[in-house]
Amino acid sequence: SIWMAYYKDVENSAEIADGMKSGAADVVIINADNIVETFQVAVAANRALVAQKENIMETKALSTELLFNLSNSSNISRSLAKIGVSATSKRLLLVVFEKPSSKNLKIPKIVGKSASLKLLKKDVNTAYLTKAFKISDAELKLSGDNPLLDALVCRIAGKETRRGAVKTGVMTVGKIESDKPTSKRKNKRKSRQGNCVSKNDDDDDDDTKGKFDA
């Protein structure tokens, strides 16, 4: 299972980014501009866990493997820079792989507004995502309740790696609460691979409310 928390209007992203580089936190921090829904992160996290179990991770840590999986580039440095928190990030998604505890979890101080995870899909910048992930008009015209999400999940599921194929599935997503982070919900979405357009981008240039006590 993974737990998530969403923050908007973040004012100290530069400080947070510096802290992440020094390993001062136990959470994965994602630039939420790259996320449509929590399902997208759940698929990437599941892929990271499977790769770890089979000893075929592309990166050195589970946290960076998640960021790498969310990117449409096979270049690790570009992937981390694109998907991770940067000095200019205004919306952040915090992810924890294990059941979080406010007593022993190292969490960076975030100057921003804690928001419901449901707001992720309402805050989506479609123009940015279609350009950043090279999503075609044909993909957006495919059937389904959310073709944009389908396209992004297809990129995760079909991403080629140097160390072999990685099975992709779905895992449980839970909220992060400061006192009792135990609420979970099963993501019941069916497989989205039926709508996938075969495309592997390797030239990249560039509900529940969760909160942390920071």
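Student: What percentage of the 214 residues in the protein is buried?
Tutor: Keep in mind that this is a predicted model. Buried here means under 20% relative accessible area. Out of the 214 residues, the buried share comes to 49%.

Student: How many helices and strands are there in the secondary structure?
Tutor: Walk along from the N terminus and the elements go β-α-β-α-α-α-β-β-α-α-α-β-β. Tally them up by type, and the protein has 7 helices and 6 strands.

Student: Which element gives the most residues to the largest nonpolar core?
Tutor: That core has 39 residues, and Ile2, Ile30, Val41, Leu66, Leu70, Leu93 and Val95 touch the most other members. Elements giving two or more residues to this core include strand S1 (2–8), helix H2 (38–53), helix H3 (62–70) and helix H7 (147–157). With 8 residues, the top contributor is H2.

Student: How many residues are in the other core that lies apart from it?
Tutor: Look for Ile16, Val27, Ile29 and Leu105, which are among its members. This core sits apart from the largest one, and its count is 13 residues.

Student: In the contact of H2 with H3, how many residues are nonpolar?
Tutor: H2 brings residues including Val41, Ala44, Ala48 and Leu49, while H3 brings Leu62, Leu66 and Leu70, among others. By class there are 3 polar and 2 charged residues, and the nonpolar ones number 9.

Note on methods:
Residues numbered from 1 in each chain as written. Predicted model: local features only at pLDDT ≥ 70, side-chain atom pairs only at ≥ 80, totals over all residues. Heavy atoms only, no water. Core = buried A, V, L, I, M, F, W, Y, C linked by side-chain atoms within 4.5 Å. Buried < 20%, exposed > 50% of the residue type's maximum accessible area, 1.4 Å probe, protein only. Helix = DSSP H or I, 4+ residues; strand = E, 2+ residues; numbered from the N terminus. Contact = heavy atoms within 4.5 Å. Nonpolar A, V, L, I, M, F, W, Y, C, P; charged D, E, K, R; others polar.
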